[in-house]
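Here is a short report to read alongside your viewer.

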Amino acid sequence: MDNLNCMHPFRDGNGRTQCEVIRVLALINVDGQDNVYKQYMNGTVYLDVKLLESLISSLMEEIVE
């Protein structure tokens with residue numbers, strides 16, 4: 001949550017957007033998907049927002065399908 005707060009452009013808000021992002025991420029099942037874990041780690045460790053955006057978008061598309 002702290003890292004998400006750091007990346008959020010409006011840090012003075014009440015946290016509703018952050019809570020919704022965390023809720024959606026909790027819905028994503030990545031068991032046994034090592035590539036997803038590696039992409040997530042690379043995105044967070046190297047602050048690669050584009051990689052994280054792409055990863056989360058692709059995972060959310062899987063949920064919708």
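Predicted model: local features only at pLDDT ≥ 70, side-chain atom pairs only at ≥ 80, totals over all residues.

Residues are numbered from 1 along each chain as its sequence is written, and side-chain values use heavy atoms, with hydrogens and water left out.

**The whole chain**

The protein has four helices and zero strands, giving the pattern α-α-α-α along the sequence. Helices here are DSSP runs of H or I with at least four residues, strands are runs of E with at least two, and both are numbered from the N terminus. Of the 65 residues, 17% count as buried; buried means under 20% relative accessible area, exposed over 50%, and partly exposed in between (1.4 Å probe, protein chains only). The protein exposes about 5500 Å², and carbon and sulfur atoms supply 55% of that area, as computed by the Shrake-Rupley method with a 1.4 Å probe.

**Helices H3 and H4**

H3 covers residues 34-45 and H4 covers residues 49-64. H3 has 12 residues and reaches 16 Å from its first C-alpha to its last, close to the 16 Å expected at 1.5 Å a residue; the expected span is 1.5 Å times one less than the number of residues. The two helices pack at an angle of about 145 degrees, with axes 8 Å apart. Axes are lines fitted to C-alpha atoms over the stretch in contact, and angles run from 0 to 180 degrees between N-to-C directions.

Which residues of H3 meet H4? They are Val 36, Gln 39, Tyr 40, Asn 42, Gly 43 and Thr 44, and their partners in H4 are Leu 51, Leu 52, Leu 55 and Leu 59. Contact means heavy atoms within 4.5 Å.

| Residue | Relative accessibility | Class |
|---|---|---|
| Val 30 | 34% | partly exposed |
| Leu 47 | 64% | exposed |

Val 30 is in the loop between H2 (16-27) and H3. Leaving out residues up to four places away in sequence, Val 30 touches Val 36 and Leu 59. Val 30 and Leu 59 are 29 residues apart in sequence, yet 8.8 Å apart in space, C-alpha to C-alpha.

Leu 47 lies in the loop between H3 and H4. Its phi is positive, about 50 degrees, although Leu 47 is not a glycine.
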